[in-house]
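I am opening a notebook on this structure. The entries below follow the order in which I looked things up.

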Amino acid sequence: MTLIQKVGISPLIRRRKSRAIKLDQFFSLNTDLVAKQLCLLDHSLYAHVRPHECFAWTKHSESATSTNLGTFVGTYKKIVTWVKHTILNGDTTIKRAQIVDFWIEVAQVRTISLRLFNLES
């Protein structure tokens, strides 16, 4: 069970009081742990991508033969949407600034400490 599953936050967070408590719990987590879990998720998806899928993707743009690459890109888009929603769901500008700081720290850990230099960081 991953850290994100333990906290119980879905990628698309909606404004609800019951979720607000979980969201606060999530942002109290260590940024190193969140970054490591996101890296593990990236690795598990990227490990299934085969070279022929990349060629098919560039030729036909999201070809049916590129299912693993499509899953990887789809997950990237879900994470981006998740980050945007968490920032925009902040009640005050101070809370939004804290959430932005949290995600910046996660990105820094991913690029500097974990040496993950991909488009998501």
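This is a predicted model: local features need pLDDT of at least 70, side-chain atom pairs count only at pLDDT 80 or more; totals for chains, interfaces and linings use all residues.

**Entry 1: an aromatic pair**

I then looked up how the two rings sit. The ring centres of Phe-27 and Trp-103 are 6.2 Å apart and the planes stand at 90°, so I noted the pair as edge-to-face. Phe-27 belongs to helix α2 and Trp-103 to helix α6, so this pair ties together parts that are 76 residues apart in sequence.

**Entry 2: other rings**

How many aromatic pairs does the structure hold? I found five. Ring pairs also join Phe-27, Trp-82, Phe-102 and Trp-103 into a cluster.

Next I looked up Tyr-46 and Phe-72. Their ring centres lie 5.4 Å apart with the planes at 55°; edge-to-face needs over 60 degrees, so this pair is tilted. The pair links distant parts of the chain, with Tyr-46 in helix α3 and Phe-72 in helix α5, 26 residues apart.

Is Tyr-46 buried or exposed? Tyr-46 is exposed, because its relative accessible area is 54% and the cut-off for exposed is over 50%. Phe-72 is buried, with a relative accessible area of 16%.

**Entry 3: the whole chain**

I stepped back to the overall layout. The protein has six helices and zero strands, and from the N terminus the elements run α-α-α-α-α-α. Of its 121 residues, 30% are buried. Among contacts with a separation of 6 or more, 57% are between residues 24 or more positions apart.

I also checked the confidence. The average pLDDT is 75, and 69% of the residues score at least 70. Over residues 6-15 the pLDDT stays under 50, and for this stretch the model has 26 contacts beyond four places in sequence.

**Entry 4: the cores**

Which residues of the largest nonpolar core touch the most other members? I listed Phe-26, Phe-27, Val-34, Leu-38, Phe-102, Trp-103 and Val-106, out of 14 residues in that core. Helices α2 (17-27), α3 (31-46), α5 and α6 (93-113) each supply at least two residues of this core. The most come from α6, which gives five residues.

Another core, of five residues, lies apart from this one; Leu-45, Trp-57, Leu-69 and Phe-72 are among them.

**Entry 5: helix α5**

I checked the length of α5 first. Helix α5 covers residues 67-88, and at 1.5 Å a residue its 22 residues should span 32 Å. Its end C-alpha atoms are 31 Å apart, which agrees.

Then I looked up its buried residues, which are Leu-69, Phe-72, Thr-75, Ile-79, Trp-82, Val-83 and Thr-86. Seen down the axis of α5, these fall within an arc of 145°, so they line one face of the helix. The face turned away from that buried side carries the exposed residues Thr-67, Lys-78 and Leu-88.

I ended on Thr-75, which lies in helix α5. Thr-75 is buried, with a relative accessible area of 17%; the cut-off for buried is under 20%.

What does Thr-75 touch, not counting residues up to four places away in sequence? I found Leu-41 and Leu-45. Thr-75 and Leu-41 are 34 residues apart in sequence, and from C-alpha to C-alpha they are 9.1 Å apart in space.

Technical notes. Residues are numbered from 1 along each chain as its sequence is written. Side-chain values use heavy atoms; hydrogens and water are left out. pLDDT is the predictor's confidence in each residue, from 0 to 100. Contact means heavy atoms within 4.5 Å. Helices (H or I, at least four residues) and strands (E, at least two) are DSSP runs, numbered from the N terminus. The expected span of a helix is 1.5 Å times one less than its number of residues. Buried means under 20% relative accessible area, exposed over 50%, partly exposed in between (1.4 Å probe, protein chains only). The arc is that of the directions from the helix axis to the C-beta atoms. A nonpolar core is a set of buried Ala, Val, Leu, Ile, Met, Phe, Trp, Tyr and Cys residues joined through side-chain atoms within 4.5 Å. Rings of Phe, Tyr and Trp (its six-membered ring) pair if their centres lie within 6.5 Å; planes under 30 degrees apart count as stacked, over 60 as edge-to-face and the rest as tilted.
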